[in-house]
Amino acid sequence: MRASLRQKIIDVCDRKIGDKGPSVGLSFYAFFANRNDDPELLMEAAEWWIRTHRLDHFEKAVKIKAMVEEMT
């Protein structure tokens with residue numbers, strides 16, 4: 001996963017956790033605008049989320065953040 005996507009995921013998770021607490025859940029769509037302006041990046045996130053880790057549609061933001069931070 002490219003560094004810019006990892007950082008985007010961490011930033012979004014931090015914001016969601018800050019706004020709604022550690023039990024907040026999210027899907028990989030949370031990292032993108034409603035418009036699909038970067039299909040390659042969206043597919044990279046989907047591949048990591050669905051095929052690589054077989055995550056549920058919604059997962060805890062703290063779990064996703066930890067998984068991404070382990071990659072760095």
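Trainee: Why does Arg54 count as exposed?

Mentor: Keep in mind throughout that this is a predicted model. Arg54 has a relative accessibility of 70%, and the cut-off for exposed is over 50%, so Arg54 counts as exposed. Arg54 sits in the loop between H2 and S2.

Trainee: What makes the phi of Arg54 worth a remark?

Mentor: Its phi is near 50°, a positive value in a residue other than glycine. Most residues other than glycine have a negative phi. Gly21, which follows H1, also has a positive phi, near 95°, but that residue is a glycine.

Trainee: How many salt bridges does the structure hold?

Mentor: Five. Side chains of opposite charge can pair when their charged atoms come close.

Trainee: How do you know that Arg2 and Glu44 meet in a salt bridge?

Mentor: Their side chains come to 2.7 Å, N to O. The cut-off is 4 Å, so the pair qualifies. This bridge links distant parts of the chain: Arg2 is in the segment before helix H1 (3-20), while Glu44 is in helix H2 (residues 39-52), 42 residues apart. Arg2 is partly exposed, at 36% relative accessible area.

Trainee: What about Asp14 and Lys65, how far apart are they, N to O?

Mentor: Their salt bridge is 2.5 Å, N to O. Here too, distant parts of the chain are linked, with Asp14 in helix H1 and Lys65 in helix H3 (residues 61-71), 51 residues apart. Asp14 has a relative accessible area of 35%, making it partly exposed.

Trainee: Why is the pair Glu69 and Lys65 still called a salt bridge at 3.9 Å?

Mentor: The closest N and O atoms are 3.9 Å apart, and the limit is within 4 Å, so the pair counts. Both residues lie in helix H3, four residues apart, about one turn of the helix. Glu69 is partly exposed, with a relative accessible area of 38%. Through shared partners, salt bridges join Asp14, Lys65 and Glu69 into one network.

Trainee: How do you know that the buried residues of H1 are on the same side?

Mentor: Those residues are Leu5, Arg6, Ile9, Ile10, Val12 and Cys13. They cover an arc of only 165° around the axis, which puts them on the same side of H1. Gly18 and Asp19 are exposed on the other side of H1. The buried residues of H1 pack against strand S1 (25-26), H2 and H3.

Trainee: What can be said about the length of H1 against the expected span?

Mentor: H1 has 18 residues and reaches 26 Å from its first C-alpha to its last, close to the 26 Å expected at 1.5 Å a residue.

Trainee: Which residues of H3 are buried?

Mentor: Ala61, Ile64, Lys65, Met67 and Val68. They too cover an arc of only 165° around the axis, which puts them on the same side of H3. They pack against H1, S1, H2 and S2.

Trainee: Which residues have the most contacts inside the largest nonpolar core?

Mentor: Phe31, Trp49 and Ile64, in a core of 21 residues. H1, H2 and H3 each supply at least two residues of this core, and the largest share, six residues, comes from H2. Beyond its neighbours within four places in sequence, Trp49 is in contact with residues including Leu26, Phe28, Phe31, Leu55, Glu59 and Ile64. In soluble globular proteins, nonpolar side chains tend to be buried together.

Trainee: Last one: why is Pro39 called partly exposed?

Mentor: Pro39, in helix H2, has a relative accessible area of 42%. That value lies between the 20% and 50% cut-offs, so Pro39 is partly exposed.

How values were computed. Residues numbered from 1 in each chain as written. Predicted model: local features only at pLDDT ≥ 70, side-chain atom pairs only at ≥ 80, totals over all residues. Heavy atoms only, no water. Buried < 20%, exposed > 50% of the residue type's maximum accessible area, 1.4 Å probe, protein only. Expected span 1.5 Å × (residues − 1). Arc of directions from axis to C-beta. Contact = heavy atoms within 4.5 Å. Core = buried A, V, L, I, M, F, W, Y, C linked by side-chain atoms within 4.5 Å.
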